[in-house]
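Hi there,

Here is the structure I promised to pass on.

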Amino acid sequence: MNLSHFGMDSITMAGPLESKLQASRAAGFSQIMLWAKDLAGHAGGLEEAVRLVKASGVRVTGIQVMRDFEGLSGALHEYKLDIAKNLLQLCRAVGAPLLMVCSSTSSHASGELPLIAQHLAKLATLAVPLGVRIGYEALSWGRHVNQYMQSWEAVELADHANLGVVIDSFHMLANQADFDGLTDIPSHKIAMVQLSDFMWRDIRSAEERLETARHLRVFPGEGAHSKELSDLLRRLDRGGYRGDYSFEVFNDDYLQLSPEIVARRAHRAAKWVTDQVLRRSLQVRQPTADHPTMA
């Protein structure tokens, strides 16, 4: 594990697309997770945004985010499918290998797991010719899928080679998830890992969950759950995960700082993360006849 495994999420930084790309690269990151609105809302237009991304030399980890996709029917399903097709084209334009899909919060969506799996598989099939993988994430306030093991159950049932699960530390910590289930998820079925923390031990209400998630996350190593994050990281490493990590940190305070300052904080977080894993991988020297243990 080294810095090349990590990238920032563009939502964490203020400013236009070009400043986010420049700050990420200056801090030593070779990849960035982009939100579709960074491209679609670029002042110079979409074509110019794509040109900037390609000229930056920064690899795009993936594109966020397809919301409320699965479990719908009729015209609603067709509408969301059309939106998803457009996002997949955006992925191809910037060379993004992943489209993120977060679990539905819609009251119109069915919670039937076979239907959810069917819709995810359908999207994964559409993404194959474009060279894009689908990653499914459980939002901690998702209407039917709000635990990471539920997202894995849907992915497993879909049984599609182009579909994986996204592990998000915030949602796991917010739900006080049991990490033991990670052993049931093959490392090759983890599409990506998103990392962040928050400053208090417990989230006491649904309102506080949303407020914290959307405005008050912090980087790993800055929050109140460093012990749990270390445990999560070591489990992922022991399980064989060698894919990308993205710092998805929604924080209104960071948006008042220059992208360069925030990117440096992210770099410190990457070092913190690697220290946690590397510390675990060091072998404790065993006693020998020449170097017995002290009584």
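Residues are numbered from 1 along each chain as its sequence is written, and side-chain values use heavy atoms, leaving out hydrogens and water.

Confidence first. The mean pLDDT (the predictor's confidence in each residue, from 0 to 100) is 93, and 94% of the residues reach 70 or more. Over residues 281-295, however, pLDDT stays under 50, and the model has two contacts (heavy atoms within 4.5 Å) beyond four places in sequence for that stretch. Where pLDDT is low, the predicted coordinates should not be read in detail.

UniProt, in an unreviewed entry, lists residues 22-261 as "domain: Xylose isomerase-like TIM barrel"; its annotations may be inferred rather than shown by experiment.

Now the helix pairs. Helix H5 (residues 113-127) packs against helix H6 (residues 148-158) at an angle of about 65 degrees, with the axes 8 Å apart. Axes are lines fitted to C-alpha atoms, for helices over the stretch in contact, and angles run from 0 to 180 degrees between N-to-C directions. That angle makes H5 roughly perpendicular to H6 (65 to 115 degrees; under 35 is roughly parallel, over 145 roughly antiparallel and the rest oblique). On the H5 side, the residues in contact include Leu 113, Ile 116 and Leu 120, and on the H6 side they include Glu 153 and Leu 157. The contact has nine nonpolar residues, no polar ones and one charged (Ala, Val, Leu, Ile, Met, Phe, Trp, Tyr, Cys and Pro count as nonpolar, Asp, Glu, Lys and Arg as charged, and the others, Gly among them, as polar).

Helix H1 (residues 17-26) and helix H3 (residues 46-56) have axes that come within 10 Å and cross at roughly 10 degrees. That makes H1 roughly parallel to H3.

Finally, the backbone. The peptide bond from Gln 64 to Val 65 is cis, with omega near -10 degrees, and Val 65 lies in strand S3 (residues 59-66). Asp 68 is not a glycine, yet has a positive phi near 50 degrees.

Best wishes

Methods:
This is a predicted model: local features need pLDDT of at least 70, side-chain atom pairs count only at pLDDT 80 or more; totals for chains, interfaces and linings use all residues. Helices (H or I, at least four residues) and strands (E, at least two) are DSSP runs, numbered from the N terminus.
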